[in-house]
Amino acid sequence: MQYREIAGEKVGCIGLGCEHLDRKPAERAIETVGAALEYGVNLFDVFMPGCEVRENIAKALGERRKDVMIQGHIGSTDVKQQYDISRDLPTVQKYFEEALRIFGGYIDFGMMFFIDSENDYKNVFETGFADYVQRLKKQGDIRHIGFSSHNPVTAVKAIQTGLPEMLMFSVNPAFDMLPAAENIFDHFETDFGVGLFRGIDPKRAELYTLCAEKEIGITVMKVFGAGKLLSKEHTPFGKPLTSAQCLHYALSRPAVQCVLPGCQTREEVEGVMRYFGSTDSERDYAETLATMRNNFRGSCVYCGHCQPCPSGIDIAAAHKYLDIARLNPDNGTVKAHLQGVLGEPCIACGNCEERCPFGVPVIKNIAEAQALT
Ligand code: SF4
Ligand code: SF4
């Protein structure tokens, strides 16, 4: 396992989304959670409101509960259907307090559940909901405040309140190309709405860079796009991506600290953990993304194909920090990071631009980065 950091906590970069353990026998949770623990997984997302699945996971963790972290969701209920959202405080409290009881009296990341629409935003931040969440933290019931969202515009707004310390967001190459105004759930039963893609949506790019700038760690849901990116029939690209490519894509976005694939067997856990033994070329998503090359043209996707650079510049990392610095040129930390990856001055040899599959004007961008530091 490789570890990254969220809100000062050391988090394995692959965690476990436990959704598919819902309505399964306890033995399945014991097998899957047990396999994840063997690989060093220490972050488990438990958004499901059902008592049985939560208890199965707690049982599977046993004494190891204290060694791992739980993302528990505040406002996730099953009042009207299996997965339902509530902002009604007595209902929210009932479900969340049950999670507290089951998971040893505390939840590590208390996630304000599903803040997608303007209404969701208002119902969380302009009512007693956010006060309740702050009380939970003050009392030590939750260690950190986070939230989940699928909408980059609303997520940016939520982060700007200054309350959340982390975010769970849907990240994969197909969603990144979906205009922010589109609801991703409208595209689950389609082929992702092929006609809608137009390169990395600027609102999503803005969200990632804002998170990186404010050190809001992102945990990732839907890393395989509900399996569609792995399938020949439904991928919007010329060919399916592999599991390693999807994981690597998400893990190479700015601010992403952990991906949470939804495994439901030991074999599935072992499958995603093969990521750590994969080679750079097996992780390389650029060729597949380039089957929609025109849509990405000119935008750096941080793939690293342009290396090596004779001046020792880490070109992908420099673009990542440059994108953040463009958002806030006065951020000294970002400038320091940028300086750390710039190496010697660019000699404009042009090797990188020849190698870049996406037509990024690297020389111009590196000059801009060097001028900023
Ligand atoms: S400049 Fe091009 S090749 Fe280099 S990391 Fe960006 S997209 Fe990839
Ligand atoms: S043009 Fe500049 S950034 Fe690109 S490989 Fe040459 S020295 Fe490095």
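This report walks through a sheet, a helix and a ligand site in a predicted model.

## The parallel sheet

Let's start with the strands. Eight of them make up an open sheet with parallel pairing, and their order is E3-E4-E5-E8-E9-E10-E11-E12. At the edges sit strand E3 (16-17) and strand E12 (256-259), each of which pairs on one side only. Helix H6 (residues 152-160) packs on this sheet, where H6 touches strand E9 (142-149) and strand E10 (166-170). The direction of H6 makes about 155 degrees with that of E9.

Now turn to helix H17 (residues 362-372), in which Val362, Ile366 and Ala369 are buried. These three lie on the same side of H17 because they cover an arc of only 60 degrees around the axis. Lys364 and Ala371, on the other side of H17, are exposed.

What lies over the buried residues of H17? The cover includes helix H14 (315-327), helix H15 (332-341) and helix H16 (351-355).

## Around ligand 2

Helix H17 comes up again at ligand 2, where H17 supplies the largest share of the shell, three residues. H16 and H17 each contribute at least two residues to that shell.

In total, 15 residues surround ligand 2, and the closest are Cys309, Ser311, Cys346, Cys349 and Cys352. Sorted by class, the shell holds twelve nonpolar and three polar residues, with no charged residues.

Conventions. Residues numbered from 1 in each chain as written. Chains lettered and ligands numbered in written order. Predicted model: local features only at pLDDT ≥ 70, side-chain atom pairs only at ≥ 80, totals over all residues. Buried ≥ 20, exposed ≤ 12 C-beta atoms within 10 Å, placed from the backbone. Helix = DSSP H or I, 4+ residues; strand = E, 2+ residues; numbered from the N terminus. Arc of directions from axis to C-beta. Contact = placed C-beta atoms within 7 Å. Near = placed C-beta within 6 Å. Nonpolar A, V, L, I, M, F, W, Y, C, P; charged D, E, K, R; others polar. Pairing = 2+ DSSP bridges. Axes fitted to C-alpha atoms, helices over the stretch in contact; angles between N-to-C directions.
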